[in-house]
Amino acid sequence: MTSPATRGDREKVVSKLPLRLRQELKVRAAQLGVDIQEAVETGITAWRSLGSNLSPIDTAGAESFATFLPAVQWAGFRSDCRDRGVSLIQGLAQSVQVWLDHHPAPAVKRPAIVRRIVVCNQKGGVGKTAITAGAGEALAEDPAVLMPVRVSKHFAALLGDGEGGDDPLALEDLPGLGQRVLLVDFDPQGHLTKQLGHQPLPIGGDSLTNHMAGDAKGELRDLVVAIDQERFGDRLHLLPACTDAFLLDVRLASVRAREAALERALTPVEADYDVILIDCPPSLGLSMDAAAYYGRRRTAEVPGNSGTLIVVQAEDSSADAYDLLTSQIEDMRTDLALELDYLGIVVNHYDARRGYIATSSLQSWMDIKDPRVVGVIGDLKEQKEAVRVKRPLLSYAPRCDQSIGLRALAREISK
Ligand SMILES: Nc1ncnc2c1ncn2[C@@H]1O[C@H](COP(=O)(O)OP(=O)(O)OP(=O)(O)O)[C@@H](O)[C@H]1O
Ligand SMILES: [Mg+2]
């Protein structure tokens, strides 16, 4: 039996710690995937083995801090503090600082080859743009800040059949993924551009279409804009749309290897990013071919690094559109001899209150298994509100259920 004041052979200790150290300890422990109590234990052990001439730490305003430590350690630590003539609060602050100094933040994991994620479905209004933006935002979040993530990996649990076994709403505070992300608005409608508070590029100037057609005058990089630098640092960028993309097919009529035109246009900026997401228009045709070609598996690229992310809804009409899309993808794979991976299916606008139609169609998406369901995003007001105020959802409502689910999605496709 474990009493409230003990945990295994650990006892609860209560002291004080300055806010800065409490926050740094919490973030660093999450970044390294260790328990706070183990970090403090390691820090105290290290502190006790060090000399007594450590620099004092400003402990003014220190607040109550409780953790569990091995029973003998705390008693020994108290007596060391007395011997060194420092207060318990000062000793603990120094110990935590020693642990932080010895355990630096891990470097952000960057893909060896830039990840290209093609968000597609020719069916309109399913949420391609919302998922492109949200997944990109989640990938770009600050690795030094903790945010809630839905940790359940078992979407079956959403159906309440208990198959996954864990709570579908279980949350964990995790550090951001810190990826450098480019969102490409590849839809002439320009929804992604407008929802993120930007204007489509003016017709007649340089644009992605002009770069694809080989008619651009300047650099593609000069068209890119940063999104909400306050929240995302300089990690989240957008290549805005231009209505000239409505004429993409005509413009590319005389271009050689047309399906490679998007790749040729984006290659010069690839080194600046870890992930490039393509928000496709609701159509099948040349733009989809060019996007799929861009998302193909390159030589030496690991499976699942790049590919298509298919956004669907939990309703029957989505299934027909899905069949059409996957048969086009299969044709393209054969005709162009591409290796094109499916990164997964995102079921968007999910609302279990719609009853059998919603739950049974979520079940059918999950039954496909390959590609697997990598995200289930609820139908929630915050998405529409964020669009209305033209802000990234993860800035506008970082703790809403949708943001929490989008972070889970970003992690699911980053495995
Ligand atoms: N999970 C969600 N909850 C609530 N509203 C959503 C959600 N996802 C998308 N929406 C809203 O639904 C509408 C259509 O979404 P979105 O524009 O992302 O779809 P789309 O597939 O990109 O459309 P199109 O085919 O026209 O490009 C938008 O108003 C969007 O804000
Ligand atoms: Mg769209």
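A polar contact is a pair of N or O atoms within 3.5 Å, and within protein one of them must be able to donate a hydrogen and the other to accept it. Keep that in mind for Glu141 and Arg407, whose side chains are joined by a polar contact of 2.6 Å. Welcome to this structure, which is a predicted model. Its protein chain holds 16 helices and 13 strands.

**The chain as a whole**
- The protein chain has 415 residues, and 52% of them count as buried.
- If you take contacts between residues at least 6 apart in sequence, 80% join residues at least 24 apart.

**Around Glu141**
- You will find Glu141 in the loop that runs between helix 5 (128-140) and strand 5 (146-150).
- Glu141 counts as buried because its relative accessibility is 4%, and buried means under 20%.
- Beyond its neighbours within four places in sequence, Glu141 is in contact with several residues, including Gly176, Leu177, Gly178, Arg231, Arg235 and Arg407.

**Where helix 3 meets helix 4**
- The axes of helix 3 (residues 71-84) and helix 4 (residues 88-102) come within 9 Å and cross at roughly 110°, so helix 3 is roughly perpendicular to helix 4.
- This crossing of helix 3 and helix 4 is right-handed.
- Helix 3 brings Trp74, Phe77, Arg78 and Cys81 to the contact, while helix 4 brings Leu88, Gly91, Leu92 and Ser95.
- Sorted by kind, the residues of this contact are five nonpolar, two polar and one charged.

Methods
Residues are numbered from 1 along each chain as its sequence is written. Chains are lettered from A and ligands numbered from 1 in the order in which they are written. This is a predicted model: local features need pLDDT of at least 70, side-chain atom pairs count only at pLDDT 80 or more; totals for chains, interfaces and linings use all residues. Side-chain values use heavy atoms; hydrogens and water are left out. Helices (H or I, at least four residues) and strands (E, at least two) are DSSP runs, numbered from the N terminus. Buried means under 20% relative accessible area, exposed over 50%, partly exposed in between (1.4 Å probe, protein chains only). Contact means heavy atoms within 4.5 Å. Axes are lines fitted to C-alpha atoms, for helices over the stretch in contact, and angles run from 0 to 180 degrees between N-to-C directions. Angles under 35 degrees count as roughly parallel, over 145 as roughly antiparallel, 65 to 115 as roughly perpendicular and the rest as oblique. A crossing is left-handed if the near helix is turned anticlockwise from the far one by less than a right angle, and right-handed if clockwise. Ala, Val, Leu, Ile, Met, Phe, Trp, Tyr, Cys and Pro count as nonpolar, Asp, Glu, Lys and Arg as charged, and the others, Gly among them, as polar.
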